[in-house]
Amino acid sequence: MDKLDNLVARGPVVPVVVLDRVEDAVPLGRALLAGGVSTMEITLRTDAALGSIEAVAKDLPEMFVGAGTVVTTEDCQRVKDAGSEFMVSPGFHENLHKGALDTGLALLPGVATATDVVQALQFGYTRLKFFPAEASGGIAALKALTGPFPQLKICPTGGIGLSNAPDYLALDAVMCVGGSWLVPKAKIAAGEWDAITEIAAAAQALSR
Ligand code: 3PG
C-alpha cells in the first residue's frame with residue numbers, strides 16, 4: 001500500500017492542523033485518536049510546526065502524521081527529518097516533485113484549475129488536493145474540473161465543514177476531504193480535548 005492509500009484508508013477526513021505551541025501537539029493527537037481520526041496534516045505555518053510533527057511522530061506511533069503547506073524542496077527535507085510520513089501542498093511545482101523523490105515521501109499536490117491538473121499529471125500525480133475548494137467554486141467547479149480527467153482522486157480542502165463534507169464525499173472523484181474545522185484554534189488554545197474528540201468522531205462517521 002502506498003502512503004497516500006494509507007491516508008485514505010484511515011477515514012474520510014484529514015484534519016488540517018495549525019499549532020502555535022509544540023506542547024499541544026500530542027494531546028491534540030490523542031484527542032483525535034480517541035474520536036477515531038488517525039491522521040494529522042500539521043501545516044508549516046507556525047514556528048511550532050516541525051517540533052509538533054516530531055513530537056507526534058515520536059509519542060503517537062498509531063498516528064499517521066504528515067506536513068501541510070509544504071512549498072519548497074527544503075521544506076520536504078525538513079519535514080522528513082521531523083518524522084513526517086506524507087506531505088500536502090496548496091499548489092505544485094517541479095521542485096516539490098524533486099523534494100518528494102529525494103525524501104521518498106508521498107506528496108499530495110494542490111490544484112485549482114485544469115492547467116494545474118495537466119501540470120501535475122506531467123509528473124504522474126493523479127491524487128490531488130482541490131484547494132481552495134469552496135472559494136474556487138465548490139462542488140460545481142470540482143465536477144466540471146474532474147469531468148475530463150476520470151483518473152483523478154481528489155481531496156477537496158478549504159471552506160469544508162461537517163455540513164458540506166457529505167456533498168463532496170458523495171462524488172466518485174473524491175477520496176477524502178480536508179479541513180481545519182476538526183481542530184478549532186480556540187479549542188486547542190483552551191485545551192478542550194473532549195470537544196475535539198467529539199468533532200473527530202462526528203467527522204469520522206461520515207460515509208464516502
Ligand atoms: C488548508 O490549508 O488546506 C486550508 O487552510 C484548510 O482550509 P479550511 O481552514 O477552510 O478548512
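This is a predicted model: local features need pLDDT of at least 70, side-chain atom pairs count only at pLDDT 80 or more; totals for chains, interfaces and linings use all residues.
The residues around the ligand are V16, R45, K129, F131, T157, G158, G159, G179 and S180.

R45 places a polar side-chain atom 2.3 Å from a ligand oxygen atom. K129 also contributes a polar side-chain atom, 2.7 Å from an oxygen atom of the ligand. With G159 the backbone takes part: a polar backbone atom of G159 is 2.7 Å from an oxygen atom of the ligand. How much of the ligand does the protein bury? Taken alone, the ligand exposes 320 Å², and the protein buries 79% of that.

Now take S180, one of the residues around the ligand. S180 sits in the loop between β9 (177-179) and α9 (185-189). P156 is 24 residues from S180 in sequence. In space, the two C-alpha atoms are 12 Å apart.

P156 leads on to V177. Leaving aside residues up to four places away in sequence, V177 touches P12, V13, V14, C155, P156, I160, A165, Y168 and L169. V177 also belongs to the largest nonpolar core, which has 57 residues. Within this core, the residues with the most contacts are L28, L32, M40 and V177. Which helix supplies the largest share of the core? Helix α2 (residues 25-34) does, with five residues. A second core, of 12 residues, is separate, and its members include L7, V8, V88 and C176.

Where does P61 lie? P61 is found in the loop between α3 (49-59) and β3 (64-68). P61 counts as exposed because its relative accessibility is 67%, and the cut-off for exposed is over 50%. Return now to F131, which is among the residues around the ligand. P61 and F131 are 70 residues apart in sequence. Their C-alpha atoms are 29 Å apart in space.

Methods
Residues are numbered from 1 along each chain as its sequence is written. Side-chain values use heavy atoms; hydrogens and water are left out. A nonpolar core is a set of buried Ala, Val, Leu, Ile, Met, Phe, Trp, Tyr and Cys residues joined through side-chain atoms within 4.5 Å. Buried means under 20% relative accessible area, exposed over 50%, partly exposed in between (1.4 Å probe, protein chains only). Helices (H or I, at least four residues) and strands (E, at least two) are DSSP runs, numbered from the N terminus. Contact means heavy atoms within 4.5 Å. A residue is near a molecule or strand if one of its heavy atoms lies within 4 Å of it. A polar contact is a pair of N or O atoms within 3.5 Å; within protein, one must be able to donate a hydrogen and the other to accept it, and residues adjacent in sequence count only if both atoms are side-chain atoms. Accessible areas come from the Shrake-Rupley method with a 1.4 Å probe; for residues, only the protein chains shown count as cover.
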